[in-house]
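Biologist: I'm new to this one and would like to learn how to read it. Could you show it to me and walk me through?

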Amino acid sequence: MNPGEVRRDPGLQPERTLLSWQRVLILLTVVGLVYLRGPLDPGSTVVPEVSPALRAGVMAFTLLLGAGLGLHLWLRWRHTRHGLREPGTGRPPLSVARPWAMVLLSTGVLALTLFVVATVLLP
């Protein structure tokens, strides 16, 4: 060990972060499946029913978003030797995912939320 090198034990932090990302992606898929299912009370006039084509489009959007982010996380996990070392520097990575992945996830969830609200408010 070099005198200037700081050694730290990463513990299970990278694995917990990866598991957290996996839970988020699973939840995103579940929300898309529930939206694809349609209204819980068919024929109710409280919430207008959305056409099956729009519901399928929303489901496709959530699947593409989840698959893209999941692929990024898997590749990044393998690239950093299971979250332990950044290949260029040899130091532990700052995060399992790149910052653009969090921006993409946040933007996707915001778009999904705005779409669902718009379908409820604008019949």
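Modeller: We'll go from the overall layout to one helix pair and then to the core. Keep in mind that this is a predicted model.

Biologist: Fine. How many helices and strands does the protein chain have?

Modeller: Start by listing the elements in order. Here there are 3 helices and 0 strands, and along the sequence they give the pattern α-α-α.

Biologist: At what angle do H1 and H2 pack?

Modeller: You compare the directions of the two axes. Helix H1 (residues 13–37) and helix H2 (residues 52–79) pack at about 170 degrees, with axes 8 Å apart. Angles over 145 degrees count as roughly antiparallel, so that is how H1 and H2 run relative to each other. Their crossing is left-handed.

Biologist: Which residues make that contact?

Modeller: Look at both sides. H1 brings residues including Trp 21, Leu 25 and Gly 32, while H2 brings, among them, Met 59, Leu 69 and Trp 77. By type, the contact residues of H1 with H2 are 16 nonpolar, 5 polar and 3 charged.

Biologist: And the core: which residues have the most contacts inside the largest one?

Modeller: For a core, look for buried nonpolar side chains that touch. The largest nonpolar core here has 16 residues, and Trp 21, Leu 69 and Leu 73 have the most contacts inside it. H1, H2 and helix H3 (99–121) each give two or more residues to this core.

Biologist: What does Leu 73 touch, leaving out residues up to four places away in sequence?

Modeller: Leu 73 touches Leu 18, Trp 21, Leu 25, Val 96 and Ala 97. As for the whole chain, 26% of its 123 residues count as buried.

Terms used. Residues are numbered from 1 along each chain as its sequence is written. This is a predicted model: local features need pLDDT of at least 70, side-chain atom pairs count only at pLDDT 80 or more; totals for chains, interfaces and linings use all residues. Side-chain values use heavy atoms; hydrogens and water are left out. Axes are lines fitted to C-alpha atoms, for helices over the stretch in contact, and angles run from 0 to 180 degrees between N-to-C directions. Helices (H or I, at least four residues) and strands (E, at least two) are DSSP runs, numbered from the N terminus. Angles under 35 degrees count as roughly parallel, over 145 as roughly antiparallel, 65 to 115 as roughly perpendicular and the rest as oblique. A crossing is left-handed if the near helix is turned anticlockwise from the far one by less than a right angle, and right-handed if clockwise. Contact means heavy atoms within 4.5 Å. Ala, Val, Leu, Ile, Met, Phe, Trp, Tyr, Cys and Pro count as nonpolar, Asp, Glu, Lys and Arg as charged, and the others, Gly among them, as polar. A nonpolar core is a set of buried Ala, Val, Leu, Ile, Met, Phe, Trp, Tyr and Cys residues joined through side-chain atoms within 4.5 Å. Buried means under 20% relative accessible area, exposed over 50%, partly exposed in between (1.4 Å probe, protein chains only).
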